[in-house]
Amino acid sequence: MAFEEPHWYVAHTSANHEIRVTQHLRERSIENFLPLYDSVRRWKDRRIKLQLPLFPGYVFVRLPVRERLKVLQVPGVARLISFNGQPAALPDKEIEALRTGLAARLHTEPHPYLTVGRRVRVKSGALEGVEGILIRKKNACRVVLSLDLIMKSASVEVDASDLERI
């Protein structure tokens, strides 16, 4: 039964509580994923490298939908993203694309949500098979991966030779 199978869901968190929420989820043995990116902050006297959430206010959780109460009881979780009262599942391939890109240490950063543009597919490399929208930034090719469910996007730097038009 589909009700029993674990799927990826999006938990909306209180502001700046993403890391604390993931710690609570880990303590409760709930599979979760918080994509982080490296950001360098500059002050007059120093520079500091921080790891910040790629999608502020959101943590991904994987569980059967009947166990959603376990997530909702975690301090800092406001709700699960839902449609018509039912939590909306994310496609596994979207989460795997994010995980793969971050694990391969590809330069990833938040990007304004995009739905239109030149669609491309990555034909080789760590993100093989992933589809997104091509943009150029500082003479580099980037693929914008959009999560339609939360209307957020992230861009990943890729080699132009690894791309094909869709």
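**Exercise 1.** Work out whether Leu50 counts as buried, partly exposed or exposed.

*Solution.* Start with the cut-offs: buried means under 20% relative accessible area, exposed means over 50%, and partly exposed is in between (1.4 Å probe, protein chains only). Leu50 has 31% relative accessibility, so it counts as partly exposed. You'll find Leu50 in strand 4, residues 47-53 (strands are DSSP runs of E, at least two residues, and helices are runs of H or I, at least four, numbered from the N terminus).

A word on the source: this is a predicted model, where local features need pLDDT of at least 70 and side-chain atom pairs count only at pLDDT 80 or more, while totals for chains, interfaces and linings use all residues. Residues are numbered from 1 along each chain as its sequence is written, and side-chain values use heavy atoms, leaving out hydrogens and water.

**Exercise 2.** Find which residues have the most contacts inside the largest nonpolar core.

*Solution.* First, the term: a nonpolar core is a set of buried Ala, Val, Leu, Ile, Met, Phe, Trp, Tyr and Cys residues joined through side-chain atoms within 4.5 Å. The largest one has 18 residues, and Val10, Phe33, Phe55, Phe60, Leu90, Leu98 and Ile150 have the most contacts inside it. Next, see who supplies it: strand 1 (6-13), strand 5 (58-64) and helix 3 (92-103) each give at least two residues. Helix 3 has the largest share, with three residues.

**Exercise 3.** Give the strand order of the open sheet.

*Solution.* Two strands pair if DSSP finds at least two bridges between them. Four strands line up as 2-5-1-6, with antiparallel pairing. Now check the edges: strand 2 (31-33) and strand 6 (77-80) each pair on one side only. Finally, strand 1 and strand 6 are joined by three bridges, and Ala11 stands opposite Leu80 in strand 6.
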